[in-house]
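Have a look at the chain first.

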Amino acid sequence: MKDTLKHNGMRNKLADVLSAKGITDTKVLDAIKNIPRHLFLDSGFEDHAYQDKAFPIGAEQTISQPYTVAFQTELLKIKPNDTILEIGTGSGYQTAVLLHLRAKVFTIERQRELFKKTKLFFTKMNYRPKKVIFGDGYKGLPQQAPFDGIIVTAGAPEVPKPLMSQLKVGGRLVIPVGVEEQVMTLFTRKSEKEFEKQELGSFRFVPLLENKN
Ligand code: SAH
């Protein structure tokens with residue numbers, strides 16, 4: 001599949017839709033305008049790529065809705081060279097958005113097929129996360145901690161403790177918490193022991209899986 005002017009036009013329209021829905025960070029909108037989302041879907045589905053919708057990517061997983069990707073990314077308030085941990089690599093689209101904001105990205109995926117497929121795709125596209133890891137994001141990534149930001153892209157029944165402890169002071173954890181429906185939750189680490197918690201609306205995600213293959 002190629003990236004064409006037509007795709008570029010559709011991306012610009014998608015960015016307008018997201019800004020009408022309340023996304024204001026111009027760097028995030030710029031990422032939406034530049035990243036060829038249709039290439040993250042299997043060929044044949046490109047008509048769906050620039051609608052503001054989630055879409056199946058195999059292994060019972062989905063590429064998150066563009067609005068959700070933009071909303072979560074905006075909450076991270078990324079500065080160039082920030083170190084970000086992403087739980088749930090999936091299609092890699094959210095990873096590409098983080099890279100566009102010049103973050104150093106570590107990303108963890110629990111489904112082996114998706115991990116392999118997306119890792120190859122990153123190489124093909126010349127996207128360069130610091131590391132793509134096959135494993136369980138519940139544990140975070142202690143060997144690379146602490147992080148400026150952690151983003152969880154699957155619905156977490158509860159907040160994994162290791163993720164809180166792997167944040168820098170001043171760092172932010174963006175996590176959808178809940179079972180059927182999730183509340184987007186932002187934790188900001190104020191000091192070693194204090195966290196500020198903000199709840200920012202309901203979303204629907206595929207579940208964060210624990211101890212399963
Ligand atoms: N960021 C992705 C969203 C994918 S959906 C994108 O932009 O396409 C959520 C992903 O989280 C799925 O791929 C799922 O396999 C993965 N996942 C679920 N539980 C996980 C866990 N415990 N650790 C790491 N990844 C997990």
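This is a predicted model: local features need pLDDT of at least 70, side-chain atom pairs count only at pLDDT 80 or more; totals for chains, interfaces and linings use all residues.

Q: Why is α1 called roughly antiparallel to α2?
A: Helix α1 (residues 5-20) and helix α2 (residues 26-34) pack at about 150 degrees, and their axes are 7 Å apart. Angles under 35 degrees count as roughly parallel, over 145 as roughly antiparallel, 65 to 115 as roughly perpendicular and the rest as oblique. The angle therefore makes α1 roughly antiparallel to α2. Axes here are lines fitted to C-alpha atoms, for helices over the stretch in contact, with angles running from 0 to 180 degrees between N-to-C directions. Helices (H or I, at least four residues) and strands (E, at least two) are DSSP runs, numbered from the N terminus.

Q: What makes the contact of α1 with α2?
A: From α1 come N8, R11, N12, L14, A15, L18 and S19, and from α2 come L29, I32, K33 and N34; contact means heavy atoms within 4.5 Å. These residues divide into five nonpolar, four polar and two charged. For that count, Ala, Val, Leu, Ile, Met, Phe, Trp, Tyr, Cys and Pro are nonpolar, Asp, Glu, Lys and Arg are charged, and the others, Gly among them, are polar.

Q: Why is α3 called oblique to α4?
A: The two helices pack at about 40 degrees, with axes 11 Å apart. That angle makes α3 oblique to α4. The contact is made by V69, Q72, T73 and L76 of α3 and Y93, Q94, V97 and L98 of α4, and it divides into five nonpolar, three polar and no charged residues.

Q: Why is α4 described as largely enclosed by the rest of the structure?
A: Seven of the eight residues of α4 are buried, so the helix is largely enclosed by the rest of the structure. The buried ones are Y93, Q94, T95, A96, V97, L98 and L99. Buried means under 20% relative accessible area, exposed over 50%, and partly exposed in between (1.4 Å probe, protein chains only).

Q: What makes up the largest nonpolar core?
A: A nonpolar core is a set of buried Ala, Val, Leu, Ile, Met, Phe, Trp, Tyr and Cys residues joined through side-chain atoms within 4.5 Å. The largest has 45 residues, and those with the most contacts inside it are L18, I23, I35, F40, Y93 and Y127. Elements giving two or more residues to this core include α1, α2, α4 (93-100) and α5 (112-125), while the largest share, six residues, comes from α3. A second, separate core of 19 residues includes I87, F147, A154 and L173.

Q: What does I35 touch beyond its neighbours in sequence?
A: Leaving aside residues within four places in sequence, I35 is in contact with R11, F40, Y50, Y93, A96, V97, H100 and Y127.

Q: Why is D82 called buried?
A: D82 has a relative accessible area of 8%, so this residue counts as buried. D82 sits in the loop between α3 and β3 (83-87). Not counting residues up to four places away in sequence, D82 touches K77, R102, A103, K104 and D148.

Q: Is F203 buried or exposed, and why?
A: F203 counts as buried because its relative accessibility is 12%. F203 is in strand β9 (residues 195-203) and, leaving aside neighbours within four places in sequence, is in contact with Y67, T68, F71, E181, Q182 and M184.

Q: What makes the backbone at A59 and N81 worth a look?
A: Most residues other than glycine have a negative phi, and most peptide bonds are trans. Phi of A59 is near 50 degrees, a positive value in a residue other than glycine. A59 is partly exposed because its relative accessible area is 27%. N81, in the loop between α3 and β3, is not a glycine either and has a positive phi of about 75 degrees.

Q: Which residues does a cis peptide bond join?
A: The bond joins A145 and P146, with omega at about 5 degrees. P146 is in the loop between β5 (131-134) and β6 (147-152).

Terms used
Residues are numbered from 1 along each chain as its sequence is written. Side-chain values use heavy atoms; hydrogens and water are left out.
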